[in-house]
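Please examine the model shown below together with its sequence. The paragraphs after it lead through selected features in turn.

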Amino acid sequence: MPELPEVETTRRGLLPYVVGRSIARVEVREPRLRWPVAKKLPHALATARIGSLERRGKYLLFGTDAGTLLVHLGMSGSLRYLPSPAAPSVHDHIDVHFAEGGALRFNDPRRFGSFMLTTTPETHPLLKELGPEPLGADFDADYLAATCRKRSVAIKQHLMNAKVVVGIGNIYANEALFRAGIHPARAAGRIARARFEPLVVAARDVLKDAIEEGGTTLRNFVGGDGKPGYFRTSLRVYERDGLPCIACGAAIERRVQGQRATYYCPRCQR
Ligand SMILES: [Zn+2]
């Protein structure tokens, strides 16, 4: 599933090819995504010029003079820029053709992605409840500590709650807690104040490392498969159950929390 680093890598890969271009037409071959693509979307976007491409959580926001095109990649979606688009294959559901030539192609085998146009992104129901960006200034130790106060929920699940902070998915929550030495099942409200600073730094570092690694796959967005590489090489604890902890040598353990796999070192993480 594309997580924040993959979405940010997609944004950076597409940026030079879409911003400043004008849309000639939008071709929707399969509107049945997680939410149906609005019938009026192609008409509304025709002749619109893309002025910006931003990210909020795992949403890509294409700013145009006809509104903001909000794209989510769902479980299996990808976007790529094609200088001269070949005939679409079965899961290529949408093409955005540019007046200057070339097209942006949306592929999504499982169709959990979404493609919608809004004129009020700040108050859009999918965006308005989202917590701060983990790499932004609003996500700091004071903020995180305040959200944890008196909460009995496990810290890992708390970090994965998009209302608390966006874009910390399962892999990155595991990695951040390992780096911060915090046990993933510890109640959010029972973490000492001094431990929030290292936790925030760890969460940011894990995401930044993944985005940096993703930079090596930017070419995949032009003509390629539109999929950033998954950033496994820098993982220190995820899917390492039974293997020795890289810090202390104890065997990494696995448990399930909220139906998601959790990996941790029973010695280093308290
Ligand atoms: Zn350890």
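What follows treats a helix pair and then a metal site.

The structure is a predicted model. Within it, helix 3 covers residues 141–148 and helix 6 covers residues 196–214. The axes of these two helices approach to within 9 Å and cross at roughly 110 degrees. Because angles of 65 to 115 degrees count as roughly perpendicular, helix 3 is placed roughly perpendicular to helix 6.

The contact between the two helices can be described residue by residue. Helix 3 contributes A141, L144, A145 and C148, which meet F196, E197, L199 and V200 of helix 6. Classified by residue type, this contact of helix 3 with helix 6 comprises 7 nonpolar residues, no polar residues and 1 charged residue.

Four protein donors surround the zinc ion, namely the SG atoms of C245, C248, C265 and C268, at 2.2 to 2.4 Å from the ion. The angles among the 4 donor atoms run from 100 to 114 degrees, and the site of the zinc ion is tetrahedral. Along the sequence, the donor residues follow the spacing C-x2-C-x16-C-x2-C. Distant parts of the chain are linked by the pair C248 and C265, which lie 17 residues apart. C248 belongs to the loop between helix 6 and strand 9 (253–257), whereas C265 belongs to the segment after strand 10 (260–264).

C265, by contrast, is buried, because its relative accessible area is 0%, and buried means under 20%.

Technical notes: Residues are numbered from 1 along each chain as its sequence is written. This is a predicted model: local features need pLDDT of at least 70, side-chain atom pairs count only at pLDDT 80 or more; totals for chains, interfaces and linings use all residues. Side-chain values use heavy atoms; hydrogens and water are left out. Axes are lines fitted to C-alpha atoms, for helices over the stretch in contact, and angles run from 0 to 180 degrees between N-to-C directions. Helices (H or I, at least four residues) and strands (E, at least two) are DSSP runs, numbered from the N terminus. Angles under 35 degrees count as roughly parallel, over 145 as roughly antiparallel, 65 to 115 as roughly perpendicular and the rest as oblique. Contact means heavy atoms within 4.5 Å. Ala, Val, Leu, Ile, Met, Phe, Trp, Tyr, Cys and Pro count as nonpolar, Asp, Glu, Lys and Arg as charged, and the others, Gly among them, as polar. Donors are N, O and S atoms within 2.8 Å of the metal (3.2 Å for Na, K and Ca); water is not among the atoms, so sites may look incomplete. Four donors count as tetrahedral if all angles lie between 85 and 135 degrees; four count as square planar and six as octahedral if opposite donors are over 155 degrees apart and all others between 65 and 115; anything else is irregular. Buried means under 20% relative accessible area, exposed over 50%, partly exposed in between (1.4 Å probe, protein chains only).
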